[in-house]
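Here is a short report on side-chain packing. Have the sequence and the model open as you read.

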Amino acid sequence: MTRGDRKNAEAKSTDGVGGGTLGRRSVLGGLAAVPVLSGLVGSAAPALAATGARRGSVRAAAGDLVQGAERRYNAPLLAPGTRLVLPVGIKAVPVRDYYHRPRLASAASAWPRVRAADGTTVDASVVPERGAPTRVAMLSGFTDGWYELRHANGRADRVTWDARTMPFLWLYGEFGATNAWPYHNRFYSLALQPMSRNPYSLATTIR
């Protein structure tokens, strides 16, 4: 197996859980992305073993964006009623108009309250039924870097990281309400990714 084949194999989703990098690469402007996930407990651990082995292999310049490994949960493992548990004291700032002109909302709210794409305030700790509006937010206030996803089937995935170097968590939930290409109301997914800083600004524009 060639090096390229191994990389492609590692990137594929397994059991409804996928790994990768932030999908809106143009938003990030090509800033450095370094996998630095410090620990993972539970059944999701094998999928990130290779990522953990590479931790610290690349040194980021001061001010660069450092990203931990993205975890993307999909149906059928991801189901209505799945719960996202975070440490106390977390704040959420929604990313508005994510698919066209993503930018930060003007105000933060206390987790788990998050303003969804249709303007409603939702409990973002609970995965909704199919057809619910998109949720995108930057979460901050992590003194301990961890989250736990408690699935309806009893499985629990707990992810940990060094909050001193990555005090932000990007949250992206697409639950089938987006009809535009290429979504066509088919996507049902939740993605989570630790970051060293907030990559969005009040006037972020996709080019």
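A residue counts as buried when its relative accessible area is under 20%. The model is predicted. At 5% relative accessibility, Tyr172 therefore counts as buried.

**Aromatic pairs**

The whole structure holds eight aromatic pairs. One of them joins Tyr98 and Tyr172: the ring centres are 5.4 Å apart and the planes meet at 40 degrees, so the pair is tilted. Tyr98 sits in the loop between strand S5 (91-96) and S6, and Tyr172 in strand S13, so the pair ties together parts 74 residues apart in sequence.

Phe175 and Tyr188 make an edge-to-face pair, with 5.7 Å centre to centre and 65 degrees between the planes. Phe175 belongs to strand S13, while Tyr188 is in the loop between S13 and S14, 13 residues apart.

Relative accessible areas of these partners:

| Residue | Relative accessible area | State |
|---|---|---|
| Tyr98 | 7% | buried |
| Tyr172 | 5% | buried |
| Phe175 | 1% | buried |
| Tyr188 | 6% | buried |

Ring pairs also link a cluster, with Tyr98, Tyr99, Trp170, Tyr172, Tyr183 and Phe187 as its members.

**Cores**

The largest nonpolar core has 29 residues. Those with the most contacts inside it are Tyr73, Leu86, Trp111, Leu139 and Tyr147. Strands giving two or more residues to this core include S10 (132-140) and S11 (145-150). A second, separate core has 14 residues, among them Val95, Met138, Trp170 and Tyr183.

Beyond its sequence neighbours within four places, Trp111 contacts residues including Leu84, Leu86, Ile90 and Leu139.

**Elsewhere**

The charged end of Arg158 sits over the ring of Trp146, 4.2 Å from its centre. Ser106 is exposed, at 78% relative accessible area.

Technical notes. Residues are numbered from 1 along each chain as its sequence is written. This is a predicted model: local features need pLDDT of at least 70, side-chain atom pairs count only at pLDDT 80 or more; totals for chains, interfaces and linings use all residues. Side-chain values use heavy atoms; hydrogens and water are left out. Buried means under 20% relative accessible area, exposed over 50%, partly exposed in between (1.4 Å probe, protein chains only). A nonpolar core is a set of buried Ala, Val, Leu, Ile, Met, Phe, Trp, Tyr and Cys residues joined through side-chain atoms within 4.5 Å. Helices (H or I, at least four residues) and strands (E, at least two) are DSSP runs, numbered from the N terminus. Contact means heavy atoms within 4.5 Å. Rings of Phe, Tyr and Trp (its six-membered ring) pair if their centres lie within 6.5 Å; planes under 30 degrees apart count as stacked, over 60 as edge-to-face and the rest as tilted. A charge sits over a ring if NZ of Lys or CZ of Arg is within 6 Å of the ring centre and within 35 degrees of the ring normal.
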